[in-house]
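Subject: Handover of a structure

Dear colleague,

Please find below the structure that I am handing over to you. A summary of the findings follows it.

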Amino acid sequence: MKSLMIAAACGAMALAGAAQAQAGGRATIVVRGEGRVEAMPDTFAMSAQVVGRGATQSEAVRQLALSQTTVTDAVSRLQGLTAAEVTTGLPAVTPTYSGECARDTHDKCTPSGYVAVLEVTLEGMPAERGGDAVSLAAERGAQSVRLTRLFLADETGQRSQAARVAFTDARRQAEDIATASGQRIVRVAKVASPDRQRIYGLYNEAEVDAYYGATGYFTPETSLDLSPDAVSISSSLEVTFEIE
């Protein structure tokens, strides 16, 4: 009987300790903070089509290769660029038709020639040179030339700054809620972020010179000046605060 009483007493003490630990757990507040900073873009992206035409497919491809060299050699060595990266899409060769065949299904028609097309993309720095890149590409025979975007090549610093702004916003919200409920913030329990950082790698100026032999730079006959707007970098943080 004595042993049963001791066991019962130990069980009661264990339950009391568990209840005390549960009661001692702090309440939490979960808030989402938003932060945004602005910075001037330092990089532009331009796309263009280079085209080759010929009586045969091989001739069209040869002309395309010449056109590609003419355009990419010029735009990648645009005067004033400090960084540049040229990439290409997938080439395509298609037949062309003339006369009635141009409006027919081509089933019984012989091609009058062939056209080979390739898309070229240039990312370069600084962003202000994007207008001249478009002008130079058009002057060298590229088609459908357009400036596709202006952006920051490396957003790391701006994203860190935006995250700090987001955390400050979350802290302010949590303090308002805690004060309204007659409590105070004890500590930060958890910080989560859905943000993903983007970093674009570009060749630096020395690598551009080495690749192209530093044989000189090109300037367009017609200059297009750009005055880009600032780009916005946002951050969202979900912060859990313990309160008491």
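In what follows, contact means that heavy atoms lie within 4.5 Å. This is a predicted model, in which local features need pLDDT of at least 70 and side-chain atom pairs count only at pLDDT 80 or more, while totals for chains, interfaces and linings use all residues. Residues are numbered from 1 along each chain as its sequence is written, and side-chain values use heavy atoms, with hydrogens and water left out.

I begin with aspartate 169, which is placed in helix α4. Helices (H or I, at least four residues) and strands (E, at least two) are DSSP runs, numbered from the N terminus. Leaving aside neighbours within four places in sequence, aspartate 169 is in contact with Arg32, Gly33 and Glu34. Its relative accessible area is 19%, and aspartate 169 is therefore buried (buried means under 20% relative accessible area, exposed over 50%, and partly exposed in between, with a 1.4 Å probe and protein chains only).

Rings of Phe, Tyr and Trp (its six-membered ring) pair if their centres lie within 6.5 Å; planes under 30 degrees apart count as stacked, over 60 as edge-to-face and the rest as tilted. By this rule the count comes to one aromatic pair. Phenylalanine 167 and phenylalanine 241 form this tilted pair, at 6.2 Å centre to centre and with 45° between the planes. Because phenylalanine 167 lies in helix α4 (residues 156-180) and phenylalanine 241 in strand β8 (residues 231-243), the pair ties together parts that are 74 residues apart in sequence. Phenylalanine 167 counts as partly exposed, at 28% relative accessibility, whereas phenylalanine 241 is buried, at 0%.

Strand β8 also holds valine 239, which is buried with a relative accessible area of 0%. Not counting residues up to four places away in sequence, valine 239 touches several residues, among them Phe167, Ala170 and Val188. The C-alpha atoms of valine 239 and valine 188 are separated by 7.4 Å, although the two residues are 51 residues apart along the chain.

Turning to helix α3 (residues 130-139), eight of its ten residues are buried, so this helix is largely enclosed by the rest of the structure. What covers those buried residues includes β2 (43-54), α2, β5 (113-125) and β6 (143-151). Just after α3, glycine 141 takes a positive phi of about 100°.

Finally, I come to helix α2. The buried residues of α2 are Ala60, Leu64, Ser67, Val71, Thr72, Ala74 and Val75. Seen down the axis of α2, these buried residues fall within an arc of 155°, so they line one face of the helix (the arc is that of the directions from the helix axis to the C-beta atoms). On the other side of α2, Leu66 and Thr69 are exposed.

Yours sincerely
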